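I opened the model to look up a few side chains, salt bridges and a pocket. My entries follow in the order in which I made them.

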Amino acid sequence: MLEIIAARGNYWIIIALMMTGLYITFEANNLIKRLVGLSVFQTSVFLFYITLSKVAGGTAPILMGGDIKKKAKHAGEEAGAAAGGQGEAAGAGTGLENVYSNPLPHVLILTAIVVGVSTLAVGLALVVRIREAYGTIESDEVRAIDIDVALAEEMDAPAREGAQ
Amino acid sequence: MENFSNGDYGLFLANFLLLLILFVVGVAIARIRSLFAIVMLSGVYSLVSATWFVALDAVDVAFTEAAVGAGISTALMLGAMLLTARTAKAEKRFSRIAPFLVVVVTGAVLLYATADLPALGDPNSPVNTGVGQEYLQRHYGEMGFPNVVTSVLASYRGIDTLGEVVVVFAAGLAVALLLGFGERSLAESIRNGDEN
């Protein structure tokens, strides 16, 4: 039982977090709260990627100890070997002294964090504009105002046609 | 569990504890109506997740999340809050049932899918045997400095980062076009000046 929790527990909590974000996004009428829910959802995706990148017994992907000295000595042939023998690349024969976690998901998430903040900024700018145009940031009130305006236009349309 | 050597147990507990804190903060965000508290809690959420990133070896992600996620986005949300409203209106009771059902069903489907995911820390999972390992091996000979994430970000996947810069530029442009460069507040002050 403990083994299953150890292996999969992260995914379960991350899914719970993701669903919390989704729930906030669905349920909230307030547009800023909705954006906060979106960023909770987004962060849970980051957590998922970093969970996948973890290697047991590994450390942060910053080379240390023998890996640096050894590579410095035969830098050229090492790079050549890695480029040529791709079959050797996977699994145990890594040619590294220490175990490191996978750097690739880290890089992807670095990019995603910055992109997430950019989209958040655009969303907040839209909320500020909605507030200026409607005087409220509650989505149901915005919808009510939209319906009122549409109804008023409907009422006006026959009168204008009659005038022509 | 056999994937973890003894030294990893403390880390492992920290991992679960931090995730539980994140969950509590998430639920609190869902229940609170004061926007100021919501924004501050989302900052707390970002900081706790940054701590969690350190526990799972993603140090570069951790400081980006702490600086950008907890810093800049909290500042942005505070600014937007000051320009709009301080509290959220209470939702109607029955309007919570439908989203809750959708979320429960989606969560159940996702939980079902976790059975196929690799175990935490599995070194032979598809994620960890691919190109990431090759970056680790080639990196020092080609770049000559120890941080692998830097070289992947700036060199091996430099085009990705260029795309990110394009997105940030487009977002900055969109915000500038939406909010203007101060013309509207200028127009308002002129209008007020005419009235007086």
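**Entry 1: Ser53(A)**

Is Ser53(A) buried or exposed? I found Ser53(A) buried, with a relative accessible area of 0%. For burial I used these cut-offs: buried is under 20% relative accessible area, exposed is over 50%, and partly exposed is in between, with a 1.4 Å probe and protein chains only.

A note on the source: this is a predicted model, in which local features need pLDDT of at least 70 and side-chain atom pairs count only at pLDDT 80 or more, while totals for chains, interfaces and linings use all residues. Residues are numbered from 1 along each chain as its sequence is written, chains are lettered from A and ligands numbered from 1 in the order in which they are written, and side-chain values use heavy atoms, with hydrogens and water left out.

I placed Ser53(A) in helix α2 of chain A. Helices are DSSP runs of H or I with at least four residues, strands are E runs of at least two, and both are numbered from the N terminus. The side chain of Ser53(A) makes a polar contact of 3.1 Å with that of His106(A). A polar contact is a pair of N or O atoms within 3.5 Å; within protein, one must be able to donate a hydrogen and the other to accept it, and residues adjacent in sequence count only if both atoms are side-chain atoms.

I then listed what Ser53(A) touches, leaving out residues up to four places away in sequence: Ser101(A), Asn102(A), Pro105(A), His106(A) and, from chain B, Asn128(B). Contact here means heavy atoms within 4.5 Å.

**Entry 2: salt bridges**

Most residues other than glycine have a negative phi.

Glu142(B) is partly exposed at 34%, and Arg138(B) is partly exposed at 21%.

Arg157(B) forms a salt bridge with Asp160(B), with the closest N and O atoms 3.5 Å apart. Salt bridges with shared partners link Glu134(B), Arg138(B) and Glu142(B) into one network. Arg157(B) is partly exposed at 26%, as is Asp160(B) at 34%.

**Entry 3: the largest pocket**

What volume does the largest pocket have? I read about 350 Å³. Of its 17 lining residues, the closest to the centre are Tyr23(A), Val27(B), Ala30(B), Arg31(B) and Phe100(B).

The elements that give two or more residues to this lining are α1 (2–27) of chain A and, from chain B, α1 (8–31) and α4 (97–113). The largest share, five residues, comes from α1(A). I sorted the lining into ten nonpolar, one polar and six charged residues.

For the method: on a 1 Å grid over the protein atoms alone, a cavity is a set of points where a 1.4 Å probe fits but cannot get out, and a pocket is an open set with protein on both sides within 12 Å along at least five of seven lines; lining residues have an atom within 4 Å of a point. Grid points are joined across faces, edges and corners, and a volume is the space filled by probe spheres set on the points. Ala, Val, Leu, Ile, Met, Phe, Trp, Tyr, Cys and Pro count as nonpolar, Asp, Glu, Lys and Arg as charged, and the others, Gly among them, as polar.

**Entry 4: Tyr134(A)**

I found Tyr134(A) in helix α5 (residues 103–134) of chain A. Tyr134(A) counts as partly exposed, because its relative accessibility is 30%. Its side chain has a polar contact of 2.8 Å with that of Asp146(A). Leaving out residues up to four places away in sequence, Tyr134(A) touches Val142(A), Ile145(A) and Asp146(A).

Conventions
Salt bridge = Lys/Arg side-chain N within 4 Å of Asp/Glu carboxyl O.
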